[in-house]
Amino acid sequence: MPPSLYAKYKDYFPIGAAVNSKTLHSEQELLKKHFNSITAENEMKPILLQPQEGIFTFEKSDEMFAFAEANNKMVRGHTLVWHNQTPDWFFENEDGTQVSREKLIERMETHITTVVSRYKGRVYAWDVVNEVISDHEGEYLRKSKWLDILGEDFISIAFEIAHKADPEASLFYNDYNESDPEKREKIYRLVKSLKDKGVPIHGVGLQAHWNIYGPTIDDIRAAIERYSSLGLQLQLTELDVSVFEHGDKRTDLTEPTEELLELQEKRYDEFFKLLREYRDVITGVTFWGVSDRYTWLSDFPVRGRKNWPFVFDVDQNPKESFWKLVNF
Ligand SMILES: Oc1ccccc1CN[C@@H]1C=C[C@@H](O)[C@H](O)[C@H]1O
């Protein structure tokens, strides 16, 4: 009988999983036994909470909170301000012209305040702003309508609004490729600037969309050391360990090979040894899914290409990787 993953880590950090309206039901048994935190994979993104101005659709997110509260699970809020999965209406006037700075700030405030207030005291950590750092060499901030219309201020404004709506919630900046040395320094620059200005930011979310070939333990350690040197909490917010390198577009596999699974076991073992070492600064580790039965990676970066990134297999049984996580 496998031990509970979150119970095994009760002296380290909460163990979470991203869920969507389907997996909330199809993965329910694993969620109850192995995870003590959930994140909505899509249902709390701007496009799904406020698809049209003034029309808030909370049914699916409310169902997740009902599950969380009935099963004593914590909730991470994901996400309030992002360049993706955000309706165009935020940035446009009725006639389709670009909205003014004042109007966009008003819309940001309405969205964040309405959403955060609804779940006030029930979300322990919010990904207030997601993925504003550019992946392009030499470019600091990602080009977006938020940046075009409001300038860099949109980031601190979002944090201030969220903090006012729920002063008790821990507020995170969240990003991927967070262990890449160049992007790490840009994230560090942003988060330090927010902290130095007294912006209410409490943590850095390392999405941790890793794979069996990278990032290196040294790069992950350097990122943990760099971000935590700011005196902030760290959370892994979207952990998955793809069996393909990001640039590998192969589509021939219908199941993972033994070799790939052995590599994955080794990586999970190394990753969690490192995470346990930094238990004092890591306040949560959330997988971006539950079992290999469903992962967003089966459509990214190659649409329709199955992936097997988790520690539970397609039959919802523990993989060898699971045992690496609990046998310490
Ligand atoms: O790993 C990436 C590479 C390129 C773009 C975005 C990402 C990760 N982006 C994440 C992934 C899935 C979404 O459901 C999450 O909301 C988003 O934060």
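**Strands, ligand and a helix**

Modeller: Strand 3 and strand 4 run parallel and are joined by five bridges, strands being DSSP runs (E, at least two residues) numbered from the N terminus, and two of them pair if DSSP finds at least two bridges between them. This is a predicted model, in which local features need pLDDT of at least 70, side-chain atom pairs count only at pLDDT 80 or more, and totals for chains, interfaces and linings use all residues. Residues are numbered from 1 along each chain as its sequence is written, and side-chain values use heavy atoms, with hydrogens and water left out.

Biologist: Why is strand 3 described as largely enclosed?

Modeller: Buried means under 20% relative accessible area (1.4 Å probe, protein chains only). Strand 3 is largely enclosed by the rest of the structure because its buried residues number eight of the nine.

Biologist: How far is an oxygen atom of the ligand from an N or O atom in the side chain of His78?

Modeller: His78 is among the closest of the 13 residues that surround the ligand, where near means a heavy atom within 4 Å. For the side chain of His78, the distance from a ligand oxygen atom to an N or O atom is 2.7 Å.

Biologist: What distance separates the end C-alpha atoms of helix 8?

Modeller: The 13 residues of helix 8 (residues 153–165) should span 18 Å at 1.5 Å a residue, the expected span being 1.5 Å times one less than the number of residues. The end C-alpha atoms agree with that, at 19 Å.

Methods
Helices (H or I, at least four residues) and strands (E, at least two) are DSSP runs, numbered from the N terminus. A polar contact is a pair of N or O atoms within 3.5 Å; within protein, one must be able to donate a hydrogen and the other to accept it, and residues adjacent in sequence count only if both atoms are side-chain atoms. Buried means under 20% relative accessible area, exposed over 50%, partly exposed in between (1.4 Å probe, protein chains only).
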